[in-house]
Amino acid sequence: MISKKIILVALMSAVLAVSATSGQAADKKTKVGFVYVGPIGDFGWSHQHNVGRLAINNAFGDKIKTTYVESVPEGADAVRVITKLARSGHKLIFTTSFGYMNPTLKVAKRFPKVKFEHATGFKRSKNLATYSARFYEGRHVVGLIAGKMTKSNVIGYVASFPIPEVIRGINATFLAARSVNPKVRIKIIWVSTWFDPGKEADAAKALIAQGADIIMQHTDSPAPLQQAQKSKVWAVGQASNMVAFGPKAQLTSIMDDWNAYYIQRTKALLEGTWKSQNVWGGFKSGMVKMAPYNKAIPANVVAMAEKAKEGIFNGTVHPFAGPIKDQKGKIRVPAGQNADDGMLATMNFYVEGIDAKIPK
Amino acid sequence: MGDWLVPALLMIITASTPLVFAAVGEVVVEKSGVLNLGVEGMMIVGAISAFAVGVTTGSATLAILSGAIGGVAMALIFGFLTLNLLANQVAAGLALTIFGLGFSALLGHGFVGKTFPGLPKLEIPWISEIPFIGPLLFSHDVLVYGSVIVVVSITYVINKTRFGLLIRAVGDNHDAAHLIGYSVNKIRMACILFGGAMAGLGGAYLSLAYTPFWAEGMTSGRGWIALALVVFASWKAWRAFLGAYLFGGITIIQLHTQGFGVDIAPEFLSMLPYLTTIVVLVLISRDSSQAKLSAPACLGKSFHASD
């Protein structure tokens, strides 16, 4: 693809420009660096990480200086950008996309005194920690709401790529919706992209035309939500509070909130207590939050959603509590048990009742 | 079946309209012998110009106009570089795309998260309410009708008018056109600016009607598809129109088949519009003498009066 190459070249030059300027400011503040996969104006994933960076600025004021490099392609360019940050005196570097896993590991080996944190990955070392959020907890809550709010009993799901994280979200939504509405069905359309507003909107339109009256998405633009508003059906926002794009349509939104985590890790760095670790936070750690509920949701449904959220918070409710069967009827999680993190992290099957096949 | 058929057909129209604008604009540019690979860049600058003015003034007319102007401004840079400074057209076009993507992000900085109510539908009382035909043919916004008018006008101008003949002359043999006294660069500049206006309108349709908000990179490669459609259409506007609808149609149909649970890999379905376009391209260009006739002979070659 020519276009991809060109974008790459453009990004590389942008990246070099940004990192060059960040290297010059040599003062005594401790420097913390961020690498984003998208533009901070994506109103989703990278946007939320940048909100977390700003929270560090607010919390520590003069003690910390933060820098960021946006739209960094995953792969060799990432190595260059991360190296540049490490070399220019950054003491803690957050790399915020799955594809930065190997680049971060590579650079971390070369700079043993610099601390690294990689989001959504699983490779760690002495100076490389990993962190991610349990978005499926939020999917459980919206699944319950969807099960109660749907009139057509069809939930439409705009999906990106069939990776465990996305499949986990579909399963969590469906299990919760079925638990309160045995008639509910889920229709899934894969758009094979994280970000193409036009295509995402088209997928939402197709789902609505086929009877879905609730649109969920695991893609990054607010286009599906905006389409739901236009077509007068419900929708659930993604990553940030997207209510501006569908004030009537948005039931709620599953929001990523990295603020507390970023502040806590920066504090650990300053106090010298930073250690490599693996954090997978949900409601309890505040990494996953729900946007305010739509006023059109009946009080008893809100109460049910809040109760589930509290239960997950306290550990009394688990979105993947057994018995859970896959589509062939094989028991994957026995009654009385919950799916463990290993299974959740590698989930590659649909639960019983979903009338579709995972693309191979 | 009827419940989803009309929405599906409407979706095809929406998905195809931005491609129609960008592709037929580029047909005119290439007819005059200029290869402008900056369609994506002109489109996205058109998208943000239209959206910014639309949100600020609330006027759909001004917004559409600004989209076209944004595209023209970008095209002017390209025209100056390639016609006046004789820069390489491929390099200048690629640079225009890179610049457009970055510049639009800068312009759009304050418009992230804002929304636009969309373009009003021009409806005709009674007629727009006829089942099936009404919603399909008589209830679109001005840009959808505009795209059809543009295709018809371009086909007429290129084939039936004196100016069309001039465009073809500078595209096929710029030296001859120059020798008989026509200003090659003026004609080419006019075509480049027209192409910019059309790409700008295509972008404006994205940010005003298709998904009425602004997001960086929201053209998502549509400018490149438009470029491919020009070749696919063997430099004929009406074929570019058909190509855009073929591409848009297959994109939409594959989304619907997924919703119906047809068990085909979505990656394959995502590829299908491209595959179909390539296959059709191969089929229509089998006759190599015919293909040679349709490509402008001076495509991509710089012209200078002293040569």
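The model is a predicted one, with scores of ipTM 0.86 and pTM 0.85. For chain B the mean pLDDT is 90, and 96% of the residues of chain B reach 70 or more.

The backbone of chain A also shows positive phi values at residues other than glycine. Asn153(A), which is not a glycine, has a positive phi of about 60° and is placed in the loop between α5 (135–149) and β6 (154–159) of chain A. Asn153(A) is classed as partly exposed because 17 other C-beta atoms lie within 10 Å, a count in between the limit of 12 or fewer for an exposed residue and that of 20 or more for a buried one. Ala239(A), likewise not a glycine, has a positive phi of about 70°, but its place is in strand β9 (residues 234–239) of chain A. Since 23 C-beta neighbours are found inside 10 Å, Ala239(A) counts as buried.

Helix α7 of chain A, comprising residues 197–209, has 13 residues and reaches 18 Å from its first C-alpha to its last, close to the 18 Å expected at 1.5 Å a residue. Of the 13 residues of α7(A), 13 are buried, and this helix is therefore largely enclosed by the rest of the structure. Just after α7(A), a positive phi of about 105° is taken by Gly211(A).

Helix α9 of chain A, comprising residues 259–271, likewise has 13 residues, and its reach of 18 Å from first C-alpha to last is close to the 18 Å expected at 1.5 Å a residue. The buried residues of α9(A) are Tyr261(A), Tyr262(A), Arg265(A) and Thr266(A). Because these residues cover an arc of only 125° around the axis, they are put on the same side of α9(A). Just after α9(A), Gly272(A) takes a positive phi of about 75°.

Between the chains, 38 residues of chain B are in contact with 36 residues of chain A. On the side of chain B that touches chain A, two or more residues are given by each of the elements α1 (2–31), α4 (89–107), α9 (184–210), α11 (237–259) and α12 (266–284) of chain B, and the largest share, six residues, comes from α4(B). By residue class, this side of chain B divides into 21 nonpolar, 13 polar and four charged residues.

One residue of chain B that has contacts in both chains is Met11(B), which, not counting residues up to four places away in sequence, touches Asp202(A), Lys205(A) and Ile252(B). Met11(B) is placed in helix α1 of chain B, and because 24 other C-beta atoms lie within 10 Å, Met11(B) is buried. Within chain B, Met11(B) and Tyr210(B) are 199 residues apart in sequence, whereas the C-alpha to C-alpha separation in space is 9.5 Å.

Note on methods
Residues numbered from 1 in each chain as written. Chains lettered and ligands numbered in written order. Predicted model: local features only at pLDDT ≥ 70, side-chain atom pairs only at ≥ 80, totals over all residues. Contact = placed C-beta atoms within 7 Å. Helix = DSSP H or I, 4+ residues; strand = E, 2+ residues; numbered from the N terminus. Nonpolar A, V, L, I, M, F, W, Y, C, P; charged D, E, K, R; others polar. Expected span 1.5 Å × (residues − 1). Arc of directions from axis to C-beta. pLDDT = per-residue confidence, 0-100.
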